[in-house]
Amino acid sequence: MDAAFEGIGASVRRKEDLRFISGRGNYTDDINRPHQMHAFIKRSDRPHARIVRIDTAAAKAAPGVVAVFTGADLAAIGGLPCGWQIHSKDGTPMVEPKHPVLAEGKVRHVGDPIAVVIAETRQQAKDAAELLDIELADLPSIAGVTDAVAPSAPLVHDEAAGNQCYDWHIGDKDAVDAAFAQAAHVVKLDLTNNRLVPNAMEPRAALGDFDPSTGDYTLFTTSQNPHVIRLLMGAFVLGLPEHKLRVVAPDVGGGFGSKIYHYAEEAIVTWAAGQVKRPVKWTAERNESFVSDAHGRDHVSTAEMALDPQGKFLALRVHTLCNMGAYLSTFAPAVPTYLYATLLAGTYTTPAIYVEVKAVFTNTVPVDAYRGAGRPEATFLLERLVDTIAHDTGLDRVEIRRRNFIPRDAFPYQTPVALQYDSGDYVATLETALKAADWAGFPARRAAAAAKGRLRGIGISTYLEACGIAPSAVVGSLGARAGLYEVANIRVHPTGSVSVFTGTHSHGQGHETTLAQLVCDQLGVALKDVDVVHGDTARIPFGMGTYGSRSLAVGGSAMVKAMDKIIAKGKKIAAHLLEASADDIEFKDGKFTVAGTDKVKTLGEVALTAYVPHNYPIDEIEPGLDETAFYDPKNFTYPGGCHVCEVEIDPETGVTRVVNFTAVDDVGRVVNPMIVEGQVQGGVAQGIGQALLENAVYDKDGQLLSGSFMDYTMPRADDLPNFTVATENTMCTHNPLGSKGCGEVGAIGSPPAVINAVVDALRDYGVRHLDMPASPQKIWSIINAGRLPVAAE
Amino acid sequence: MYDFTYQKPASLPDAVKALGTEDAKALAGGMTFIPVLKQRLNKPSVVVDLAKLGLTGITVTGDTVTIGAMTTHETVANSAEVKRAIPGLADLAANIGDKEVRHRGTIGGSLANNDPSACYPSALLALGGTVKTDRRTISADDYFQGMFTTALEPDEVITEVSFPIPQKAAYAKFRNPASRYAMVGVFVAKGPKGVRVAITGAGQNGVFRHAGLEAALAANWSADACKGVSTPADGLNSDIHASAEYRAHLIGVMAGRAVTAAG
């Protein structure tokens with residue numbers, strides 16, 4: 001009799017998948033407007049050069065060409081804005097050079113847009129672009145952060161001396177210095193966090209439209225946050241008021257952060273549509289994605305831990321150089337500061353921490369948040385350092401973690417680097433993971449592998465992250481130029497079905513299912529009677545979009561608040577219909593009842609009354625059942641957990657295979673376990689990709705050597721084993737759902753588990769550390785250099 | 001891609017004639033050529049599609065396997081006759097690219113293109129096969145002339161490829177982690193032409209025979225015999241995935257594995 005349970009905790013199938021797997025998704029490039037033109041963007045093939053001359057005459061005369069624009073044509077509009085301002089140690093604001101939509105005077109990275117050709121067909125635009133006569137005079141260039149801060153390094157921007165964007169710090173330097181002075185041991189580790197190309201399956205695309213009769217602009221774009229794009233592009237770049245600019249982010253095929261940012265192409269097609277009075281579409285080719293989508297990571301760090309004789313962490317000192325690329329992307333300055341340095345307490349009670357972060361410009365593609373954003377960098381540094389401490393001191397890797405864990409009864413826990421953790425149980429996730437991974441049985445598996453000539457290793461990572469971004473006042477005080485609340489509008493229709501208008505955006509996460517399940521749970525409506533609307537500024541209220549694992553913790557909480565309003569109003573209507581006091585009305589499973597009686601009105605009946613208010617307390621309440629709520633979180637949320645990785649290395653070739661991977665995460669309240677598992681699996685796949693395969697390689701001058709899938713190694717299904725994924729949850733204490741977030745945990749927790757396993761496998765070769773990716777060549781070089789295992793010497 | 005004229009002739013003479021046009025290019029499976037066109041790295045005047053010439057099929061006689069030039073990798077991989085006669089060749093075909101590529105890519109296309117990372121050139125060279133064209137027969141030893149370079153004339157069309165059936169043969173490939181082309185591929189064969197070892201993916205001039213491995217394996221056909229043979233790194237490719245030294249090392253490892261697979 002009872003309908004299948006569809007509320008919080010049910011692994012219902014994803015509502016959106018029928019459309020995706022049957023080819024009925026509606027992506028930006030699927031959208032075509034009458035009289036549409038096509039844009040091709042001519043990009044720099046040089047890392048750094050002065051633009052001597054651009055002659056567009058031949059391109060303009062080519063068949064089908066309607067317009068050619070260069071930086072000179074766009075000089076009157078604004079540069080691409082940065083959404084976060086960091087101040088240096090000395091109080092000065094970060095250096096924030098203009099990021100022109102089309103290059104002005106100089107090109108600063110391979111891929112920097114120089115000109116746009118607009119023609120009747122994409123082919124004609126591309127043909128005409130070959131007729132552009134562009135003279136560039138090469139300038140000296142740099143790609144790596146270490147080269148960028150060398151005294152004689154060429155400058156990417158004249159106004160950024162030493163290529164420095166900012167030189168920032170956090171923590172108590174004196175306390176850290178004092179602790180180091182008294183430490184029984186100090187363990188130091190130099191490490192890099194490899195640069196990554198996000199490579200969403202759907203390349204970026206943008207389609208600008210302009211209606212000369214109304215002056216209305218529409219931008220269809222591959223974005224994770226259409227309202228943010230409307231604000232940034234409208235207010236700061238094109239000078240268009242919000243009511244004249246609609247931004248639609250329809251189905252979007254993966255983002256991983258790379259589609260948060262406001263990109264030049266969005267401004268180009270919108271502005272150009274207004275110029276040529278016709279729609280203008282641009283879709284990236286994959287090679288363009290490699291040199292125009294913001295990259296991720298790219299840190300060079302030194303970490304030092306001071307320890308007492310028992311291996312308790314006394315103080316942590318970190319120095320990090322991070323690559324901003326040639327210009328500041330939207331979120332970039334925040335990533336290596338407030339999403340990185342503040343995470344360096346991790347799951348440990350380290351009482352004193354001091355972190356210096358120097359952000360530098362280079363002649364490379366801008367770097368910004370990529371799945372995890374700062375937290376994978378922090379986790380890799382800390383969890384590699386902990387294993388290195390074990391290596392250097394001889395303490396057991398698990399034991400040293402136990403000794404330093406924040407105990408489960410210590411929450412809320414204030415770290416020395418600004419964050420206050422609300423909940424967690426690191427011993428619980430550790431114990432569950434050790435058991436699931438059969439940590440105790442590893443020696444036998446290692447011996448069995450050795451008998452086959454294989455090197456087997458096991459590694460662990462006990463990580464923590466901060467997401468559910470973010471309390472607006474807090475981030476405002478840290479330099480954010482935006483609020484980070486979320487919004488939901490719940491519209492109960494006259495016959496009781498529900499539309500949810502959310503400010504979050506789904507680009508693979510499954511919001512159309514998960515968010516609908518919240519309505520099933522709270523309003524007792526069947527899943528089939530709930531639709532989630534997102535991604536169109538003309539339909540949804542002003543929300544901040546999806547990134548930082550925020551959609552459920554922040555967007556879902558806004559929904560709960562809006563549904564609370566629906567229920568409160570519904571009780572008044574039901575009280576009127578049932579001739580009772582609103583205080584006596586209870587709401588459960590979609591029914592309003594008078595407490596202690598069998599008098600009942602369904603949500604549908606109440607909704608119909610609200611929209612057909614013939615018998616209605618019209619003097620007391622308005623018609624309709626349609627409520628909006630904004631929710632500003634009180635704190636970040638703090639997922640954490642334990643990942644265990646087991647690898648086997650073929651010593652003849654240096655090839656590493658991940659043979660087992662166990663992830664036990666604390667993500668707070670789980671709405672749809674199947675979707676959470678999918679999110680964790682995807683994140684772990686990306687984390688293993690970073691650890692073993694992926695690497696954006698520039699030569700020292702700034703040519704991208706891994707500029708296509710021929711040279712950039714994406715993880716494939718056969719690179720990965722079946723994962724063991726479980727959750728061991730404590731509830732978030734400050735949002736109504738108790739949910740923490742699950743989108744990034746896989747990518748955050750996994751890379752150090754993989755590298756710790758690789759280092760463990762190579763322990764007989766005297767390996768203390770190796771940087772990602774642990775490619776076959778790198779491992780073979782280590783084995784080949786050693787020739788004989790150390791133990792055999 | 002740039003505009004071009006497309007032709008799909010129904011006879012070999014017509015195809016050869018069409019290919020006589022300046023800047024004409026032949027299209028077999030297109031698994032390299034079409035991406036090259038899409039990237040505007042080639043600007044042919046005419047693209048001559050060889051699909052209607054009937055150049056498909058596999059024939060096995062007592063001592064020879066003959067494969068039509070337009071036979072796909074998938075067909076070779078699944079051919080019971082090839083599996084029986086030269087299992088190493090079927091295995092090589094079964095591991096080229098991915099399933100989509102194997103259903104389009106052809107043996108003739110692979111050999112005509114002679115990509116230095118392609119698999120088939122190593123089989124042809126190690127087995128001492130022959131390439132038959134519209135006008136002549138070319139032995140493997142004369143056919144390969146450096147990377148992307150062969151003995152073929154611009155308007156010459158491969159019609160079939162023949163392999164003498166060896167006693168033992170196998171291919172072992174170390175894939176480039178990103179592209180999954182051969183970073184080092186070693187084909188070993190022991191047959192009517194003696195012991196021959198051909199290396200693909202590693203050399204700056206494309207596929208080559210390895211005299212040291214051939215001598216060692218002629219004396220002692222075993223994986224262990226490969227261990228004593230060192231390969232100089234000179235003349236080997238070096239890139240972000242593998243140094244010349246690493247490739248040189250992998251040649252020995254893959255040769256040993258190929259010998260083990262050959263039995």
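This is a predicted model: local features need pLDDT of at least 70, side-chain atom pairs count only at pLDDT 80 or more; totals for chains, interfaces and linings use all residues.

Mentor: Residues are numbered from 1 along each chain as its sequence is written, while chains are lettered from A and ligands numbered from 1 in the order in which they are written.

Trainee: What pLDDT does chain A average?

Mentor: On pLDDT, the predictor's confidence in each residue from 0 to 100, chain A averages 97, and 99% of its residues score at least 70. Residues 788–793 of chain A stay under 50, and the model has 7 contacts beyond four places in sequence for them. A contact here requires C-beta atoms, placed from the backbone, within 7 Å.

Trainee: Why is B:Ala189 called buried?

Mentor: A residue is buried if 20 or more other C-beta atoms lie within 10 Å of its own, exposed if 12 or fewer, and partly exposed in between, with C-beta atoms placed from the backbone. B:Ala189 has 33 other C-beta atoms within 10 Å, and therefore it is buried. B:Ala189 lies in strand 10 of chain B. Beyond four places in sequence, B:Ala189 touches B:Ala126, B:Leu127, B:Pro166, B:Ala169 and B:Arg196. The C-alpha atoms of B:Ala189 and B:Pro166 are separated by 6.5 Å, although the two are 23 residues apart along the chain.

Trainee: How many buried residues does strand 6 of chain A count?

Mentor: For strand 6 (residues 133–138) of chain A, the count is 0 among its 6 residues, and the strand is hardly covered. Strands, like helices, are DSSP runs numbered from the N terminus (strands E, at least two residues; helices H or I, at least four).

Trainee: What makes strand 2 and strand 6 of chain A a pair?

Mentor: Two strands pair if DSSP finds at least two bridges between them. Strand 2 (residues 49–55) and strand 6 of chain A have 6 bridges in the antiparallel sense. A:Ile51 stands opposite A:Leu136 of strand 6 of chain A.

Trainee: Why is one side of strand 9 and of strand 12 of chain B left without a neighbour in the sheet?

Mentor: The open sheet has 4 strands in the order 9-10-11-12 (chain B), with antiparallel pairing. Strand 9 (168–175) and strand 12 (208–209) of chain B stand at its edges with a single partner strand each, so one side of each has no neighbour in the sheet. Strand 9 of chain B pairs with strand 10 (residues 182–191) of chain B over 8 antiparallel bridges, and B:Ala170 has B:Val188 as its bridge partner.

Trainee: Which residues touch the most other members of the largest nonpolar core?

Mentor: A nonpolar core is a set of buried Ala, Val, Leu, Ile, Met, Phe, Trp, Tyr and Cys residues joined through C-beta atoms within 7 Å. The largest has 320 residues, of which A:Ala39, A:Val117 and B:Val188 touch the most other members. Helix 15 of chain A gives the most to this core, with 11 residues. Among the contacts of B:Val188 beyond four places in sequence are B:Ala126, B:Leu217 and B:Val259.

Trainee: How many residues does each chain give to the contact between chain A and chain B?

Mentor: Chain B gives 12 residues and chain A gives 16.

Definitions and conventions. Two residues are in contact if their C-beta atoms, placed from the backbone, lie within 7 Å.
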